[in-house]
Structure formats: C-alpha cells, structure tokens
Amino acid sequence: MTGVEQRPYRAGFGCFVGRPNAGKSTLTNAIVGTKIAITSNKPQTTRHVIRAVLHRPDSQLVLVDTPGLHRPRTLLGERLNDLVRTTWTEVDVIGLCIPADEPVGRGDRFISGELSELKATVLAVVTKTDLVDKRRLAEQLLAVSELADFAAVVPVSAVSGHQVDTLVDVMTGYLPPSPQLYPDDMLTDEPEQVLVAELIREAALEGVRDELPHSIAVVVEEMIPEGQLMKIYADVYVERPSQKAIVLGHRASRLKEVGTTARKQIEELLGTRVYLDLHVRVAKEWQRDPKQLRKLGF
Ligand SMILES: Nc1nc2c(ncn2[C@@H]2O[C@H](COP(=O)(O)OP(=O)(O)OP(=O)(O)O)[C@@H](O)[C@H]2O)c(=O)[nH]1
Ligand SMILES: [Mg+2]
C-alpha cells in the first residue's frame, strides 16, 4: 500500500429546491460555469426541469434545476409543483435554498418538512451571502440549522462565487460510486430550441410587472441554418390583448429591444450569427387551459 487512498468515481443527481426567487437557477449556472437556466428577479421564472452537468476528473454531478415550489393558483402552477416533487424522488442529494437576506418563513418550513420524508440526503444552502454582513449571515445560519436536521448547512454566493466550490465538494460527497452518466462534453440535455425559447423569455421578462411575467410563454417554431446565419422564428404568447400591447410597446419598440437582447444571448449560445423573428400572439388564459398548456410544452 502506498498510503494514497484510491477514491472511487462518483456520479449522480442533485437538485436545489426552495421558494421562487431563492437563487436556484443562478446557483446551478454558477456551478456548471455556463448559463443553462434563465434567471430573473420575478418569482417562478423556471418552468422546466433542466439538467446541467458538472464534469470533474473524479465525479459527475448532474444538477436538476426545478421551478420554485409555491401555492399554485393555476393549472400551470400545479404542473410545476408536480415536476418539483417528482424530481425529489429521483435525486441523490437535495440543497434547500434559503436566501441570506430574507427571514426563514413558513414556506421554508413547509418545504423542509416535506423533504424529511425522502431518501435523498438533504442539506441547506444559504444563498446570496453577498447581500448581508457577517453578523446577519451568522444569525441566518443559526435560524436555518434549527429548521431541520440537515446533513450540512452551506453559505454561498452565486454572484461573487464565494463557497461555490465548497458546496460542490459537499454535494459530490453524497453521490454514490457510479460510472459516468453523461458523455464528457455534455453540459445539458435540454434541446437547443428550448434553450433559445428560454433566452427569449428571459429578455421578455425584463421590465414587465405584476401578472404579466406569468402570462408570457415562448415557442421557437423554426430554426433554419443559412450559411453562417441561423434564422430563428419564434412566437411570444401572452394571455390577453392588453398584454400584447405592453409587450409590443409603442410602435413595437419594446419587442425590438427584447429581440436585440435575446439575439445577443442566442448568438453566444450557438456561436453563430442569428436573425431573430419574433411574433406576439394571444393565447387566451393559457395557464388554465390543458389544451393550450400541452401546445406550449407543459
Ligand atoms: N446578490 C445576489 N443575487 C442573487 C444571487 N443568486 C441569485 N440572485 C438574484 O436573485 C434573483 C432570483 O434568482 P433565480 O436564480 O432566478 O431564482 P430561482 O430560485 O431560480 O427562481 P424561480 O425559478 O423563480 O424559482 C435574480 O434576480 C438573481 O440575480 C446571489 O448569490 N447574490
Ligand atoms: Mg429558477
């Protein structure tokens, strides 16, 4: 024996859960080092289950980004919560995300109660530590650790990068010994059309308020490569004509801005020049309509 311990290769699934806006998607992106999930300061930004893969020489951590768990008010809300709960039963390690700058609340208690029933290892992640001072952080760590019997409590900032590697080390430690699950170069199994639609939705969420963020859905109808150019045709759905007017803006000026912002992001993602054609359409009350939900991919 040389005294050097041979560590087995580990691979498995992890996910972050927590209230809407807790910072789950931002943290997922920070860990894999690429923008895979879109983020915004509006609650309930994430609507799909997105897998993002972190490759290390001795491990593979597959992070499943899920929507925030919330009290559903629509059929869409119910579907999203179902997605979250299904994911919980399929992962090895779960990080319950609680922002450092908000008091531990009923929502957090409710979620941590549900998690205690699962077979996965549950740890607490105190997010957005860059927003508070040391004293406040210490208080929050204490409050969070009193919530449940967590395997660990890890403070982290996805924005400054503070402790992101530590969190990965801790999560990886709870993965089972296993062969590699995804090929070396695979960052996500999300189809390109969906990633593109999400980048458009992220741009469309910028600057809109109240109910409107929830009413926006985006579907990429076509992506046609033409030489060095990718032509993309996409529909932006809203629920009412009045919302369509807001999304368009005066003489379609707002939609133009959305298109410009999204196009830059898509060009970065695809590594080609992009021509982006956006149409705004009304799909009446789609969040409550099973047929329309299916059409929009839920
Ligand atoms: N200052 C700071 N802001 C953060 C950090 N992480 C996330 N945020 C911000 O918090 C907001 C919500 O982040 P998201 O990652 O979209 O949150 P989420 O939990 O995925 O939200 P849902 O998908 O709606 O459930 C965004 O405005 C982020 O920029 C952080 O570490 N520091
Ligand atoms: Mg999210």
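View 1. Six strands make an open sheet in the order 2-3-1-4-5-6, and their pairing is mixed. Here, strands (E, at least two residues) and helices (H or I, at least four residues) are DSSP runs numbered from the N terminus, and two strands pair if DSSP finds at least two bridges between them. Because strand 2 (50–56) and strand 6 (153–155) are the edge strands, each with a single partner strand, one side of each has no neighbour in the sheet. On average, neighbouring strands of this sheet are turned by 25° against each other, direction ignored; axes are lines fitted to C-alpha atoms, for helices over the stretch in contact, and angles run from 0 to 180 degrees between N-to-C directions.

Before you zoom in further, please note that this is a predicted model, in which local features need pLDDT of at least 70 and side-chain atom pairs count only at pLDDT 80 or more, while totals for chains, interfaces and linings use all residues. Residues are numbered from 1 along each chain as its sequence is written, chains are lettered from A and ligands numbered from 1 in the order in which they are written, and side-chain values use heavy atoms, with hydrogens and water left out.

View 2. Strand 5 (residues 121–127) and strand 6 run parallel, joined by three bridges. Look for Val126, whose bridge partner in strand 6 is Pro155. Helix 2 (residues 75–90) packs on the sheet and touches strand 1 (10–17), strand 3 (59–65) and strand 4 (93–99), where contact means heavy atoms within 4.5 Å. The direction of helix 2 makes about 150° with that of strand 1.

**View 3. Strand 2 meets strand 3 in a hairpin.** Two residues link strand 2 to strand 3 in this hairpin. The two strands pair in the antiparallel sense, with seven bridges between them. Ala52 has Leu63 in strand 3 as its bridge partner.

**View 4. Ligand 1 sits among 22 residues.** Of these 22 residues, Lys24, Thr26, Gln44, Thr45 and Asp130 come nearest; a residue is near a molecule if one of its heavy atoms lies within 4 Å of it. A polar backbone atom of Thr45 is 2.7 Å from an oxygen atom of ligand 1, and an N or O atom in the side chain of Lys128 is 2.9 Å from an oxygen atom of the ligand. A nitrogen atom of ligand 1 lies 2.7 Å from a polar side-chain atom of Asp130. The protein buries 87% of the 660 Å² that ligand 1 exposes when taken alone, with accessible areas from the Shrake-Rupley method and a 1.4 Å probe.

View 5. The order is 7-8-9 and the pairing is mixed. Strand 7 (217–226) and strand 9 (273–282) are at the edges, each with a single partner strand, so one side of each lacks a neighbour in the sheet. Strand 7 and strand 8 run antiparallel, joined by nine bridges, and Met223 has Ile232 in strand 8 as its bridge partner. In their hairpin, which has two residues between the strands, Gly227 takes a positive phi near 65°. Strand 8 (residues 229–238) runs parallel to strand 9, with ten bridges joining them, and Tyr233 stands opposite Asp277 in strand 9.

**View 6. Two helices lie across this sheet.** Helix 9 (residues 253–270) lies across strand 7, strand 8 and strand 9, at about 135° to strand 9.

Note on methods: Polar contact = N/O pair within 3.5 Å; in protein donor to acceptor, adjacent residues only side chain to side chain.
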